[in-house]
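Subject: Structure for you to take over

Hello,

Please find the structure below. My notes on it follow.

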Amino acid sequence: MPIILAIETSCDETAAAIVINRHVLSSIVASQIEIHRPFGGVVPEVASRQHVSVIQDVVAQALAQAQLTIHQVEGIGVTCAPGLVGALLVGLMAAKTLALVHDKPLIGVHHLEGHLFSGFLTDPQLQPPCLCLLVSGGHTSLVHIKALGAYETLGQTQDDAVGEAFDKVARLMDLGYPGGPAIDRLAQQGDPDRFALPQGTVSSGPYDTSFSGIKTAMLRLIQKLRQTEVELPLADLAASFQQTVTQVLTAKTLLCAQDLGLKSVIVAGGVSANRELRSRLTEAGQQAGIRVIVPPLSLCTDNAAMIGAAASAHLDRGEISSLSLGVHSRLSLETIETLYE
Ligand code: KG4
Ligand code: ZN
């Protein structure tokens with residue numbers, strides 16, 4: 001199996017990793033969270049500039065940690081869609097330069113396919129077909145992994161992504177950015193049954209979700225509480241919100257897996273770091289005879305190891321990208337074949 005150097009710069013983490021098939025030799029992530037925190041969210045132009053200043057060092061560290069030189073690398077994998085265009089361009093230009101100068105194949109990777117591969121890195125024996133609940137700051141989908149490279153999105157959010165809902169609700173509660181981890185922490189001490197919240201009814205499809213209703217309900221609830229309470233019951237609010245959201249995601253995921261007769265479910269993306277989601281899904285899976293693969297935290301948030309594992313699978317099938325490969329802010333998982341020659 002070839003040695004892959006992978007690069008990920010689609011949002012606010014500059015990452016590089018060395019991967020052989022489903023085995024990680026090194027994984028370096030330089031997070032920009034502290035730089036964006038004062039702005040309350042990711043500032044695209046700031047993200048691009050920061051990627052430019054650290055990318056070379058991050059790649060050098062990934063090689064050093066794996067005790068390899070660039071000459072031993074046999075393929076360069078890189079996230080080229082979807083994401084922030086300026087941020088993606090930095091990683092793609094770095095990858096193209098390395099591929100051109102050192103005469104290595106270039107393999108463009110869809111960021112969400114990378115997230116799916118965090119499941120295959122967690123359990124190297126896992127084989128399709130299986131289901132993936134993909135929950136991040138930009139996406140909430142149920143993806144049917146029919147075969148490696150063949151994906152069908154069966155359910156999607158009709159409005160906010162679940163990570164976005166966590167971040168917006170955290171802002172209403174003045175918890176700072178990013179909000180997901182703050183709500184997760186607070187919810188541990190709260191009463192999840194104190195406030196009843198809407199589950200978000202959706203008519204578009206059985207596996208679709210909607211989080212704008214619960215977000216608005218939280219806004220109204222917080223406004224009302226501010227009029228009567230000296231201090232907001234932050235822990236109870238966080239616990240009630242988190243319980244409602246994780247119940248919805250768990251129910252939709254199991255329904256979808258059972259309808260399709262799938263026995264393995266991967267949970268992936270930044271929100272899969274959420275402790276209640278991890279335990280609720282694992283428990284419900286056990287009761288239904290479905291194995292839930294929960295990646296370690298280092299593979300849940302953005303990283304390059306997952307990109308390397310996806311690139312390796314493409315290279316294995318002879319799928320290589322042209323050096324004229326571009327970036328795409330949006331691209332569906334169903335059309336990833338357009339990334340290869
Ligand atoms: O996948 P990711 O690192 O970036 C992309 O959006 O691609 O996901 C980031 C999202 C943010 O919305 C963040 O608030 C959320 O993941 N998140 C969490 C937790 N850790 C990160 N949400 C809930 N609970 C957590 N523990
Ligand atoms: Zn991501």
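Leu-131 is found in strand 6, residues 130-135 (helices, H or I with at least four residues, and strands, E with at least two, are DSSP runs numbered from the N terminus). The model is predicted: local features need pLDDT of at least 70, side-chain atom pairs count only at pLDDT 80 or more, and totals for chains, interfaces and linings use all residues. Residues are numbered from 1 along each chain as its sequence is written, chains are lettered from A and ligands numbered from 1 in the order in which they are written, and side-chain values use heavy atoms, with hydrogens and water left out.

Leu-131 counts as buried because its relative accessibility is 0% (buried means under 20% relative accessible area, exposed over 50%, and partly exposed in between, with a 1.4 Å probe and protein chains only). In the whole of strand 6, 6 of 6 residues are buried. In a regular strand the side chains alternate between the two faces of the sheet. In strand 6 both faces are covered, with Cys-130, Cys-132 and Leu-134 buried on one side and Leu-131, Leu-133 and Val-135 buried on the other.

Strand 6 pairs with strand 7 (residues 140-147) in the antiparallel sense over 6 bridges; two strands pair if DSSP finds at least two bridges between them. Cys-130 has Ile-145 as its bridge partner in strand 7, and a hairpin of 4 residues joins strand 6 to strand 7. With strand 9 (residues 264-268), strand 6 pairs in the parallel sense over 4 bridges, and there Leu-133 stands opposite Val-267.

Strand 4 and its partners

In strand 4 (residues 75-81), 7 of 7 residues are buried. Strand 1 (residues 3-8) runs parallel to strand 4 and is joined to it by 4 bridges, with Ile-7 opposite Val-78. Strand 5 (residues 106-110) also pairs with strand 4 in the parallel sense, over 5 bridges, and Ile-76 stands opposite Leu-106. Between strand 4 and strand 5 the chain passes through helix 3 (residues 85-102), a right-handed β-α-β crossover (right-handed if, with the strands pointing away from the viewer, the path from the first strand over the helix to the second runs clockwise).

Ser-10

Ser-10 sits in the loop between strand 1 and strand 2 (13-20). Ser-10 counts as buried because its relative accessibility is 4%. Its side chain makes polar contacts with the side chains of Glu-8, at 2.7 Å, and His-111, at 3.3 Å (a polar contact is a pair of N or O atoms within 3.5 Å; within protein, one must be able to donate a hydrogen and the other to accept it, and residues adjacent in sequence count only if both atoms are side-chain atoms).

Ligand 1

Of the 18 residues around ligand 1, those that come nearest are Gly-137, Asp-167, Asp-184, Gly-270 and Asn-274 (a residue is near if one of its heavy atoms lies within 4 Å). Helix 4 (111-122), helix 5 (162-172) and helix 6 (179-187) each supply at least two residues of the shell.

An oxygen atom of ligand 1 is 2.7 Å from a side-chain N or O atom of Asp-167. An oxygen atom of the ligand also lies 3.0 Å from a backbone N or O atom of Gly-270. Taken alone, ligand 1 exposes 560 Å², and the protein buries 86% of that (areas come from the Shrake-Rupley method with a 1.4 Å probe; for residues, only the protein chains shown count as cover).

Regards
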